[in-house]
Amino acid sequence: MRIMNDIAIKVENLGKLYRIGQTVGYKTLRESLMSVATTPLRRLRSTSHEPSAISHQSNYIWALKDVSFEVKRGEAVGIIGRNGSGKTTLLKILCRITAPTEGYAEIHGRVGSLLEVGTGFHPELTGRENVYLNGAVLGMKKAQVEHKFDEIVEFAGVEKFLDTPLKRYSSGMQVRLAFSIAAHLEPDILLVDEVLAVGDAEFQKKCLGKMDDVAKGGRTVLFVSHNMASVQNLCVRAILLESGQINMEGSVSAVIDKYLGSGAGKTGEVCWASPEVAPGDNRVRLKAVRVVSEGCVKGDVDISKEFCIEIDYWNLQADTQRVISIHLLNSVGTCLLTSANLPSASLTPDPWYDRPYPHGLFRTSCTIPGMFLNEGLHSISVFITGSFLQDVIIDIRDILTFNVQDTGMMRKEYTGTWIGAVRPQLDWRTVQLGEEN
Amino acid sequence: MNVGASNTTQADIAREPVTIIRPPRGWMPINLRELWAYRELLYFLTWRDIKVRYKQTLLGFAWAILQPFFMMIVFTLFFGTLANVPSENIPYPLFSYAALLPWTLFAEGITRSSNSLVQERNLLQKVYFPRLLMPLSSILSPVVDFAIAFVVLFGLMLYFSYPPTITMLWLPLFLLLELILALGVGLWLSAINVEYRDVRYAVPFLVQLWLFASPVVYGTTFVPERFRVAYGLINPMVGIIDGFRWAILGTEPPSYLLIASAAIIMVILISGAFYFRRREKAFADVV
């Protein structure tokens, strides 16, 4: 009895099968009728006794498989993993937005879920009306919203605009109001997706503080995020998901190290042997991503030396344009820079930008100067798009990690930590302005 | 072990809700207790629909009157005057308006509810609540328009000197039946629409067809006696509209037709509820 009561969330062998390929999304009635009409035929033709769903196994993917864990009352647990590792699917199942295909979960206590801030906001309604509406959507009682109303408005800092339609708010104000409502939810268990990705840095900090209060106030928090800094701040324990399965479960710092380190075993390269197994689709497949410094592939680069990020890919669709972009992140998940082979983002324009690619293997590289990054673990996210930048073909976060090592270049005078995201050498100068004060 | 502590633990367990999550299997009935727990959300969703409906329009809620009113004018002109459709000795404008009132409510209800889930896909994918609230709130919000349009009816009654009768007290019953029918149809259509967007194109057509299949521009007496039971069974709106006409204008009471309609309405509601519940679990994945 007592043990049961200590557990807030219990998950057993949870799994979710998704259908992929053509049949994803909505069908028209005709397609469905056709498939009903042809099913008996297919059944006749197929010699196996397996149901048709199994014979088309390749059209299905386990977004989550055999996931089991427990979260104790009052515990804050982070769930981390790459894109498509099943984090959001897990959260959606626990929020009851989608149903699992197999397994079992039980949640003890009132659940508040936050997959997005401002869900249900209506642009035509005023700020005041939206507070009530969003509160109701998030499961707050009207009396509860009334009780917290002033606090919510003050936290968001929108007192003056309460009776203005939401569509006249700046996007920052909308986010602040949305988050403020969410932050005043008081469930026993809070399930949060990366809602902190929006809003300005200062407000993010305020929100993190508020969520920290929630966690410290004895509530249970399950927190899904890409931002290692917030996971580290908020959670004690973390779960690492990989391809829908739990790869590791343990203390936050151990799990984050594993996550960052698992990119390539720090060899400085990830590669795929053939297009069949490589990520991508029938337009582009990724061959390799590597960090090259002083002519060799390196997992550790010298802080003072420049290095190249090389991205090799097969273009499988002729006469198309490709744009390659990267994100460079540090060990706490802060994005240090975004760049792409666009003319305006390059020192010298990439000759292949704007040029139709034939079939073939290509390498796009980007040089990062020496004396620029700070020391420590860094990770690279790679994106390949068509000429229309919204048309994302490849999007792999944290595909490769590498370590920037301080070899003593900047250790001559000061030997402590240089705090900061980057560590460039800058122009410093002192002049004497007079002989006396 | 401390007895006092274990007592509070027991109390905590009793108070604390436990959510069980499992793969869905088979047909499930509507969870009425859960619906009741979410009544405030239903209120807010309905309230939002009403508030937002005529935002940034010049005429605002006047639209609620204009639609049935101009329909009445058009019907009077074409069916009443030109085609000379019999109106059971009642002035044709009044005769058609008494039917247009429930008809407009029904048409709005099924049109809005059939699109409700698709329109609110973002909500479906981001928060949990009983999905039934979506079509339900879309059925309830047009009741406000209905109430406003009702004022015009009193004007017409005054104009044609038809005093309100005691039978009007029956109206809430017919209104309730109508809302139940709209909900039943809305449950079917909204759930199908999640998977098959054909519904979006079919509904306007269906509404038009249904209008002429219902005794709106003509009276039920227009239908040959021997077909009338079949008529009421096939189209449950017959009993409802007849009920409205009878309660307001004192035409032929709906009698056995109403019972036939009510039975069909219940079948539509219950089957719709089961179908909706069966599809519900996949809404967020498919929509």
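1. In chain B, the axes of helix H5 (residues 92–119) and helix H9 (residues 171–195) come within 7 Å and cross at roughly 30°. That angle makes H5(B) roughly parallel to H9(B), a label used for angles under 35 degrees. Axes here are lines fitted to C-alpha atoms, for helices over the stretch in contact, with angles running from 0 to 180 degrees between N-to-C directions. Helices (H or I, at least four residues) and strands (E, at least two) are DSSP runs numbered from the N terminus.

2. This is a predicted model, in which local features need pLDDT of at least 70 and side-chain atom pairs count only at pLDDT 80 or more, while totals for chains, interfaces and linings use all residues. Residues are numbered from 1 along each chain as its sequence is written, and chains are lettered from A and ligands numbered from 1 in the order in which they are written.

3. H5(B) passes H9(B) in a right-handed crossing, meaning that the near helix is turned clockwise from the far one by less than a right angle. Residues making the contact include B:Leu105, B:Phe106 and B:Ile110 of H5(B), and B:Val185 and B:Leu189 of H9(B). Two residues are in contact if their C-beta atoms, placed from the backbone, lie within 7 Å. By class, the residues of this contact divide into 10 nonpolar, eight polar and one charged. Ala, Val, Leu, Ile, Met, Phe, Trp, Tyr, Cys and Pro count as nonpolar, Asp, Glu, Lys and Arg as charged, and the others, Gly among them, as polar.

4. Between the chains, the contact takes 42 residues from chain A and 34 residues from chain B. The largest share of the chain A side, six residues, comes from E4(A). That side has 20 nonpolar, 11 polar and 11 charged residues.

5. E4(A) is also joined by four bridges to strand E1 (residues 18–21) of chain B, and the two run antiparallel. Strands pair if DSSP finds at least two bridges between them. A:Glu106 stands opposite B:Ile20 in E1(B).

6. Chain A has 10 helices and 19 strands. One open sheet of five strands in chain A has the order E13-E19-E18-E15-E16, with mixed pairing. Strands E13 (300–302) and E16 (335–340) of chain A stand at the edges, each with a single partner strand, so one side of each is left without a neighbour in the sheet. Strand E15 (residues 323–330) of chain A pairs with E16(A) in the antiparallel sense over five bridges. The bridge partner of A:His327 in E16(A) is A:Thr338.

Note on methods: Parallel < 35°, antiparallel > 145°, perpendicular 65-115°, else oblique.
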